[in-house]
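Try each task before you read its solution.

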Amino acid sequence: MARVKLKFPSENPLFITTIPVRITDMNYGNHLGNDALLSIIHEGRMQMFRHFGHTELNAAGNSLIMADVMIAYKGESFYGDILTIKIYAEELTQFSFDLLYHISTIRNDKMTEIAHAKTGMVCFDYGERKITVMTPELKKLLEVNAGA
């Protein structure tokens, strides 16, 4: 089976946060469920925008909508793990950008990779229900990390 792979930028991440795995994040396999991981990625993204004084509905003048998501699982995560999420920006266009998420935890004094993920984010006007152009302010925020 061909696996999806992400290559992370070598420069510093745009944002780093930690999020604990809750008991409600567990599935029948007694590990982190795929639906819960997507919610944790969303929480990390929301924390990032809040850190920069924004929200997904007003990210430096743009509202955002997720166009796609890709998750490559690297290892299991369990109740009580503290996930470290490093977020990177890349592939900036006039209307969109990608966010990459490197998700890991420390277990037995060793870093364990849990997942690599990507979300394709599009600038979106919810009133008009259409894609819109990225503001220069949002582009500047993301370019610092994207190496542009």
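**Exercise 1. Aromatic pairs**

Task: How many aromatic pairs does a search of the whole structure find? What is the geometry of the pair formed by Phe 124 and Tyr 126?

Solution: 
- This is a predicted model. A search of the whole structure finds 2 aromatic pairs.
- One of them joins Phe 124 and Tyr 126, with 4.9 Å from centre to centre.
- Their planes make an angle of 75°. Planes over 60 degrees apart count as edge-to-face, so the Phe 124 and Tyr 126 pair is edge-to-face.
- Now the surroundings. Phe 124 has a relative accessible area of 11% and is buried. Tyr 126 has 28% and is partly exposed.

**Exercise 2. Salt bridges across the chain**

Task: Where in the chain do the partners Arg 45 and Glu 56 lie? Are Arg 45 and Glu 56 buried or exposed?

Solution: 
- Start with the general idea: side chains of opposite charge can pair when their charged atoms come close.
- The whole structure holds 6 salt bridges. Among them is Arg 45 with Glu 56, whose closest N and O atoms are 2.3 Å apart.
- Arg 45 sits in helix α1 (residues 34–51), and Glu 56 in the loop between α1 and β2; they are 11 residues apart.
- Buried means under 20% relative accessible area. Arg 45 has 4%, so Arg 45 is buried. Glu 56 has 13%, so Glu 56 is buried.

Task: Which parts of the chain does the salt bridge of Asp 68 and Lys 118 link?

Solution: 
- The side chains of Asp 68 and Lys 118 meet at 2.8 Å, N to O.
- Asp 68 is in strand β2 and Lys 118 in strand β5 (residues 110–125), 50 residues apart.
- Asp 68 is partly exposed at 38%. Lys 118 is buried at 17%.

**Exercise 3. Ser 104 and its strand**

Task: Which residue stands opposite Ser 104? What else is Ser 104 in contact with?

Solution: 
- Find Ser 104 in strand β4 (residues 96–107).
- β3 and β4 pair in the antiparallel sense, over 7 bridges. Thr 84 stands opposite Ser 104.
- Leave aside neighbours within four places in sequence. The contacts of Ser 104 then include Ile 82, Thr 84, Met 111 and Ile 114.
- Check the accessibility. Ser 104 has a relative accessible area of 6% and is buried.

**Exercise 4. A surface patch**

Task: Which residues form a nonpolar patch on the surface?

Solution: 
- The patch is made of Leu 38, Met 66 and Val 69, with about 210 Å² of accessible area together.
- Val 69 lies in strand β2 (residues 64–73). At 39% relative accessible area, Val 69 is partly exposed.

Technical notes. Residues are numbered from 1 along each chain as its sequence is written. This is a predicted model: local features need pLDDT of at least 70, side-chain atom pairs count only at pLDDT 80 or more; totals for chains, interfaces and linings use all residues. Side-chain values use heavy atoms; hydrogens and water are left out. Rings of Phe, Tyr and Trp (its six-membered ring) pair if their centres lie within 6.5 Å; planes under 30 degrees apart count as stacked, over 60 as edge-to-face and the rest as tilted. Buried means under 20% relative accessible area, exposed over 50%, partly exposed in between (1.4 Å probe, protein chains only). Patches are made of residues with over 30% relative accessible area and no salt bridge: like charges are joined within 9 Å, nonpolar side chains (Val, Leu, Ile, Met, Phe, Trp, Tyr) within 5 Å. Accessible areas come from the Shrake-Rupley method with a 1.4 Å probe; for residues, only the protein chains shown count as cover. A salt bridge is a side-chain nitrogen of Lys or Arg within 4 Å of a carboxyl oxygen of Asp or Glu. Helices (H or I, at least four residues) and strands (E, at least two) are DSSP runs, numbered from the N terminus. Contact means heavy atoms within 4.5 Å. Two strands pair if DSSP finds at least two bridges between them.
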